Amino acid sequence: MDVTFNFDWAAAIDSIPHLLPGIPWTLLISFGGLAFGFVIGIFFGLLRISPLRWLRWPAIAYIEIFRGTPILVQVLFIFYGLPQLLGGPIDALTAGIAAIAVNSGAYISEIVRGGVQSIERGQSEAALSLGLSRSQSFRYVIWPQALRRMIPPLGNQAIISIKDTSLFSVIGVGELVRQGQIYIATTFTAMEVYFMVALLYLAITWTLSILLSLLERKGLAGE
Amino acid sequence: MNATTQPIVSMQKLNKHFGSLHVLKDIDLTIIPGEVVVVIGASGSGKSTLIRCINGLEEFQQGTLEVDSKTLQPHGKSGRALQHIRTEVGMVFQQFNLFPHLSVRDNITLAPMKVRHLSREKAKQSANHLLERVGIEDQADKYPSQLSGGQQQRVALARALAMEPRLMLFDEPTSALDPEMIGEVLDAMRELAKDGMTMVIVTHEMGFAREVADRVIYIHQGEITEQGPPETLFDTPQHERTQAFLSRVLKH
């Protein structure tokens with residue numbers, strides 16, 4: 001059977017005003033979650049490289065659990081499961097931010113660990129030999145260099161997390177995919193609308209890529 | 001040795017193991033202020049490890065070690081004493097180990113500001129003065145990667161001197177340099193020796209050792225085989241291992 005597709009550009013363009021309200025939600029969940037994820041990542045990433053086993057162990061457990069389970073399951077657990085435990089509902093936005101936070105936090109922990117461990121031993125030896133304490137060496141010598149090396153993988157993680165928020169349509173957050181679904185329910189123009197949804201994701205991630213490459217170039221100027 | 005002079009380094013029966021490897025064996029070493037000691041030996045003989053014990057970058061397992069009247073404990077359990085020693089003892093490394101994210105000037109001012117609590121202005125002044133002293137006053141705003149190896153090593157020297165150390169350790173300071181840059185670094189060290197700095201230098205530059213050293217120590221497989229004034233050690237070495245080593249290195 002011969003099937004011909006008629007891509008209706010007018011329908012695609014008409015959908016844009018109905019999709020745009022999803023963008024602030026997508027950005028809020030992504031960057032809100034990533035901000036917490038960064039803090040979590042620094043915390044567990046540093047615990048992960050502690051010489052003390054009883055500090056390392058919880059970090060390893062955290063990383064393995066949240067890296068080893070699907071983010072969809074994590075958000076469903078937070079949104080539907082946790083309220084049973086807490087005895088009160090969690091709104092979808094909070095659940096989405098929390099899911100991105102704990103999920104990206106696990107990956108960022110490993111990025112932090114990798115970044116810190118990539119700094120040559122000679123750097124901390126030089127800092128210590130000058131009389132700086134361990135924490136001063138870390139703060140003024142190791143961390144600033146590690147942070148620069150972490151920019152590319154952090155950017156990568158940000159892009160992954162932005163795309164992950166599309167899964168949160170299942171808990172009813174009004175992000176991009178959800179807005180598309182709502183619109184399609186009245187127009188039945190699935191191909192055109194999802195095409196535009198994809199384009200809007202691309203616009204966000206591509207903008208971020210460009211910003212990151214600028215930041216990277218600036219960060220490397222000193223090396 | 002003058003009996004009233006308090007030694008700055010005093011090591012007795014120091015032993016260090018890396019796993020099953022016995023790297024330093026019963027090392028006795030006393031260094032008095034103003035002395036320039038050059039440590040020579042084949043690679044893997046333990047000479048770098050020896051000077052890295054002095055500022056606690058390496059732990060040792062047995063023996064006693066006093067630096068600037070502070071006692072370093074075996075197994076790296078020294079705490080405050082170690083902090084004090086590192087503040088008073090400077091080190092120059094084979095690979096320079098400059099901080100790549102900081103300008104030349106910030107490399108030099110970091111420790112004086114954070115450890116000695118100097119004001120930025122004071123630290124900057126002293127950095128400029130030190131850069132002048134090592135002959136690179138015009139490079140202060142550059143980053144380490146923009147400098148040649150010889151210039152980087154002179155910055156590293158200035159960085160260590162900014163803490164006004166009482167003792168300077170040099171761990172093969174010219175081994176990573178292109179031949180044409182070795183001279184400028186040795187010149188800066190020569191000046192420092194002339195100014196009366198106490199120095200312990202691990203090097204393969206035998207001509208330099210002969211010229212600046214008050215004492216040369218030959219280490220073989222973790223033991224001090226022989227030591228003495230450079231003319232004695234280089235011209236009339238007593239031990240046959242020293243003779244063999246010197247005939248190997250002086251041939252080139």
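Is Val134(B) buried or exposed? Val134(B) counts as buried, at 8% relative accessibility; buried means under 20% relative accessible area, exposed over 50%, and partly exposed in between, with a 1.4 Å probe and protein chains only.

**Before selecting anything**

This is a predicted model, in which local features need pLDDT of at least 70 and side-chain atom pairs count only at pLDDT 80 or more, while totals for chains, interfaces and linings use all residues. Residues are numbered from 1 along each chain as its sequence is written, chains are lettered from A and ligands numbered from 1 in the order in which they are written, and side-chain values use heavy atoms, with hydrogens and water left out.

**Stop 1: Val134(B)**

Select Val134(B) and show the chain around it. The residue sits in the loop between helix H4 (120–133) and helix H5 (149–161) of chain B. Helices (H or I, at least four residues) and strands (E, at least two) are DSSP runs, numbered from the N terminus. Contact here means heavy atoms within 4.5 Å.

**Stop 2: Glu172(B)**

Move to Glu172(B), in the loop between strand E7 (167–171) and helix H6 (179–194) of chain B. Its phi is near 45°, a positive value in a residue other than glycine. Glu172(B) counts as buried, at 11% relative accessibility.

**Stop 3: chain B as a whole**

Select chain B and switch to cartoon. There are 9 helices and 10 strands in chain B. The C-alpha trace spans about 50 × 45 × 40 Å along its principal axes. Chain B has a radius of gyration of 18 Å, which agrees with the value near 18 Å for a compact globule of 252 residues. The radius is taken over C-alpha atoms, and the globule rule is 2.2 Å times the number of residues to the power 0.38.

Of the 252 residues in chain B, 56% are buried. Among its contacts with a separation of 6 or more, 65% come from residues 24 or more positions apart. Colour by charge next: chain B carries 27 positive and 31 negative side chains, and the centres of the two sets lie 6 Å apart. Lys and Arg count as positive and Asp and Glu as negative, with His and the chain ends not counted; each charge is placed at NZ of Lys, CZ of Arg, CG of Asp or CD of Glu.

**Stop 4: chain A as a whole**

Hide chain B and select chain A. What does the cartoon of chain A show in helices and strands? Chain A has 9 helices and 0 strands. Its C-alpha atoms fill a box of roughly 75 × 50 × 35 Å along the principal axes. Of its 223 residues, 46% count as buried. Chain A has 14 positive and 13 negative side chains, and the centres of these sets lie 19 Å apart.

**Stop 5: the nonpolar cores**

Show both chains again and select Phe168(A) and Leu65(B). Of the 86 residues in the largest nonpolar core, these two touch the most other members. Helix H7 (residues 134–164) of chain A gives the most to this core, with 11 residues. A nonpolar core is a set of buried Ala, Val, Leu, Ile, Met, Phe, Trp, Tyr and Cys residues joined through side-chain atoms within 4.5 Å. Beyond its neighbours within four places in sequence, Phe168(A) has contacts that include Ile29(A), Ile71(A), Val75(A) and Val173(A). Another core lies apart from it, with 47 residues, among them Ile40(B), Val104(B), Ala193(B) and Leu233(B).

**Stop 6**

Select Glu192(A), in helix H9 (residues 190–220) of chain A. Glu192(A) is buried, with a relative accessible area of 6%. Leaving out residues up to four places away in sequence, Glu192(A) touches Asn6(A), Phe7(A), Asp8(A), Ala11(A) and Ala12(A). Glu192(A) and Ala11(A) are 181 residues apart in sequence, yet 6.5 Å apart from C-alpha to C-alpha.

Then select Phe188(A), in the loop between helix H8 (176–187) and H9 of chain A. Phe188(A) counts as exposed, at 68% relative accessibility, and its phi is near 60°, a positive value in a residue other than glycine.
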